[in-house]
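Me: I'm new to protein structures. Could you help me read this one step by step?

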Amino acid sequence: MTNRSEMFDKLKELIAPFNKKGVELSDATTFAGDLEWDSLTVMDFVAEVEDSFDIVITMNMQAEIENVGQLVDAVLKLTD
Amino acid sequence: MAGKGVVALTGATGFVGGATLHQLVEAGWQVRALTRRSQPAKPGVTWVEGALDRPESLAQLCEGADAILHIAGVVNAPDAAGFEAGNVTGTAQLLSAAKESGIRRFVHVSSLSAREPKLSVYGSSKAKGEKLVATSMLDWTILRPPGVYGPGDTEVFEMFKMAAKGFCLLPPAGKGSWIHVDDLARLLVALLPAHEDATAQTFEADDGEPGGWEHGRFARAIGLALGRRIATISAPRPLLFAAAWGDRLVRGAKAKLTPDRASYMSHSDWVIDREAAPPAALWQPQVATLDGLKATARWYKAQGWL
């Protein structure tokens, strides 16, 4: 069982290669606004997360994940 | 628009040729286009009935032309002789016709597969065609397109069809470059006028994606264009070959996945050489790949193909 801060750190590692501007990450950091990811970048990142945790993040779930905190919670739930 | 001159075009009834024909006319070229079957009249276009294996029709095609744009090629044939006839002998015939008509400028569409002539009979025939052009003493330019996608295409359509169902069966792990048919057509039009930086050059061009596209990633991008996530499955080499032999058995000479094709599909690196890109002043890709894939998906849907 991974606790929330451990999950945050793991995801932070996965975000790093896509964080081209070196934005400081918090729960409130948004992917579209703060990280300025386009849909292809989101696609690549989701594939990374899915591979790393062996989970499937559906398009519907993706649509609801806007910031890092929501992603941490979603992945925690899927790996529960 | 101001007249650019007269161009003799082959392959105009195909996917790449059709898009190029359209852009040539837009750019102000008078087009003489070779066709096997009679075609509907189109402003700016003179259709010449004939074929690459009918020299008298090639002489007629080249009459009064200032440049030749050779797009026609055989991408699928039941045997080596079929590739040879289309891609080697056909090119030789057209080069002779060009010389007899006193045409200097010759733009030749080859394929990235010509880089690896040992991998497939197709690639080997394209490499031989390139050699004929390069030793012709004409003012030539060779272009090797990577994978071409866009409205009207029936090859990459197979990937769209699978992706629409939520999965995509792919060749063994590898990567390749892609280009939208409109970008490719624009490049061919840009290469056509005699140009110091283009003469006696072999160019490779793509959508500008650094490092090309890993197969699974391109399939996922098609999924994204269709608005759905997809599972990708990389076929192991033996399975791809087994499927190819199966397709040959079922569809015979009409097989899309032939053993020859399986051979070059299994190659792991079909990314363009960026050193061989055309001069940026002459051409740069304009279609963002995801936008291009979305537009292509819309076209397939509008045609009722998806």
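Me: How many helices and strands are there in chain A?

Reply: Helices (H or I, at least four residues) and strands (E, at least two) are DSSP runs, numbered from the N terminus. Chain A has four helices and zero strands, giving the pattern α-α-α-α along the sequence. Before we go on: this is a predicted model, where local features need pLDDT of at least 70, side-chain atom pairs count only at pLDDT 80 or more, and totals for chains, interfaces and linings use all residues. Residues are numbered from 1 along each chain as its sequence is written, while chains are lettered from A and ligands numbered from 1 in the order in which they are written.

Me: Which residues of H1(A) are buried, and which are exposed?

Reply: Start with the general idea: an α-helix has 3.6 residues a turn, so residues three or four places apart point the same way. A residue is buried if 20 or more other C-beta atoms, placed from the backbone, lie within 10 Å of its own, exposed if 12 or fewer, and partly exposed in between. In H1(A), the buried ones are A:Phe8, A:Leu11 and A:Ile15. They lie on the same side of H1(A) because they cover an arc (of the directions from the helix axis to the C-beta atoms) of only 70 degrees around the axis. A:Glu6, A:Asp9 and A:Glu13, on the other side of H1(A), are exposed.

Me: What do the buried residues of H1(A) pack against?

Reply: Their partner is helix H4 (68-79) of chain A. Two residues are in contact if their C-beta atoms, placed from the backbone, lie within 7 Å.
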